[in-house]
Amino acid sequence: MGAILNTIYNHYVSTYRPPSASGGKENRKSSPTVYDAMLRINKESPWYLPVRNSQTQGYAVLLKEQARSLHQTISSLGGMQDHAAISGKTPYSSHPHLASVRPGQVLPQDAQPLELEIVELASAQENTGHYLPTAFAGLQAGEYSFTISHRDMRYEFQLSIKAEDTNRSLQDRVAKLINSTGLGIRASVAEDGDYSSLRLLSQNTGRPAYQDVQFQVSDESAQPGVVAYLGMDQTSHMPTDAHIRSQGRDLFFSSNQIQLQGYSLLLGGTTEPGQNLTVGVKDDLSSLADNVGRLLESYNSFMDVAGNGAEPAGRRLGQEMMHIASLYQDGFASLGLSMGRNGILAFHSSTLLQSAQEPDTLRAGTEALQDFAGMLYRKTGQISLNPMEYVDKKVVAYKNPGKTHVSPYAASAYSGMLFNGYC
C-alpha cells in the first residue's frame, strides 16, 4: 500500500508542485514535531471514505505544496520571531553573473559590504579515456574486473566481455555499470566520427583533504585489462578548489556555493586579474520593498490555489484567508498594500516612499505586516499537515471520545507521508 501511495503522490507532485520559495533547506530536527502533530490530528479525526476524485486529489496536493511554499517564505523572513525581519537587509551583487546572492536571503542590520576577487572556480575531476574505433574490439572475450577508489572506499566491478562485443558496446556497458551504483561519478560516452571515448566526471568539486584527486580507477589484475585498454585512469582535468581573495586573504572552498561573512553566494565566473566585485546590502527602503514583494508573491500564489477550490470546503479556505488579511488593512495602507475582491494583495511602491517620510507610520505598517505573516505562518503550517481538511469528504464514523487511538485516515495518504522527503 505504501508503494502505491508513493507512486500516486509522485505523479501529483511532479504535476502540481510549485518551485521552492527558499534556497535554504528545512531543518531535519523538525521531523519529530511534524510526526507528533500528525499523530494528534490522526487520533482525533473521524474516519472518512477514501477520496477518489482525481481533481480533488490534485487540489489537495497543490494546496499542500503552495502552503508549504508560503510557510518557507515567511520562515526565511523570520517567521513570527522578529518584527525587524520584514525590514531586514537584502543583499545584492555588483556582478551577479560572477557571484550571485542566494534568492530570499535576509541579512542582519549590521551586515557590511564585501570586496571579492574570484581567482578560480571549484571544478570536478574528469577522466577521458582513449578514443577507440567504435566498430572494432581489442580485448579478448573473458571475465574482467576493475576497482574505483572514491571517498576512502573501494568499489569492485566485474563484467564479461563476449566475442561479439565492440569498443562502443563495451564503453556503453561500463558507463551503465558505473552509473547504476550511484557512487558519485557520472560516466558517459563521447563520440568523434567513427571513434568514441569513455568519460568519467566526479559529481563533487574541489580537492579532497590530503588527496589530489576525487577518484582513482585501476585494473584488478597485473595484466592489461579494461581500465588500461579504455584509458579510464587517464585524468584529463584535475579537481580544483574555488580560490577567492578578500580583505587581503586567500580563501579556498571545495564548492562554488559558499558562505562568506553572512553572505550565501553562488560563484559563476572569475574576475579580471586585480579586479574586485562587491557584494553588499541594499538600503533600508529597498530591502523593505524586496521583502514585502517576496511575501506578497508567495501569498498571492497561495491565494490563486486557495480561492479556486471546486468544492465548498475549498472555497471556505479562500474566505478564511481573506478575513485574516482584512484584519490588517489599516496597517497595510501605509505600506502601499491593497486587497482585491479575490483576496489578492497589490503593492504600490509610491505609497511606501511617502510613508518613509513618517517613521512612526512606516513602523506601524511593518508591524502589521509582520503580525499578518505570523498568522499566515500558523495557518499554512496547519494546512501542510492536513490539506484534506479543505476538500469534501464522507464521514464513516466518529471516534469514541476519550478512547481515541492512532489509525489510518484520509490525510495520511496525502500529507503524513509527504514529510519523508522534506524533514
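**View 1. Lining of the largest cavity in the predicted model.** The largest cavity is lined by Ala137, Gly138, Leu139, Ile161, Lys162, Asp165, Thr166, Asn167 and Leu170, where a cavity is a set of points, on a 1 Å grid over the protein atoms alone, at which a 1.4 Å probe fits but cannot get out, and lining residues have an atom within 4 Å of a point. By class, this lining has four nonpolar, three polar and two charged residues, with Gly counted as polar and Ala as nonpolar. The largest cavity has a volume of about 50 Å³, the volume being the space filled by probe spheres set on grid points joined across faces, edges and corners, and the count comes to one cavity of 30 Å³ or more.

This is a predicted model, in which local features need pLDDT of at least 70 and side-chain atom pairs count only at pLDDT 80 or more, while totals for chains, interfaces and linings use all residues. Residues are numbered from 1 along each chain as its sequence is written, and side-chain values use heavy atoms, with hydrogens and water left out.

**View 2. The open sheet of five strands.** The strands, which are DSSP runs of E with at least two residues, numbered from the N terminus, follow the order β2-β17-β4-β13-β14 with antiparallel pairing, two strands being paired if DSSP finds at least two bridges between them. Strands β2 (91–93) and β14 (249–253) are the edges, each pairing on one side only.

**View 3. Pairing of β13 with β14.** Strand β13 (residues 242–246) runs antiparallel to β14 and is joined to it by five bridges; isoleucine 244 stands opposite leucine 251 in β14.

Key
Helices (H or I, at least four residues) and strands (E, at least two) are DSSP runs, numbered from the N terminus. On a 1 Å grid over the protein atoms alone, a cavity is a set of points where a 1.4 Å probe fits but cannot get out, and a pocket is an open set with protein on both sides within 12 Å along at least five of seven lines; lining residues have an atom within 4 Å of a point.
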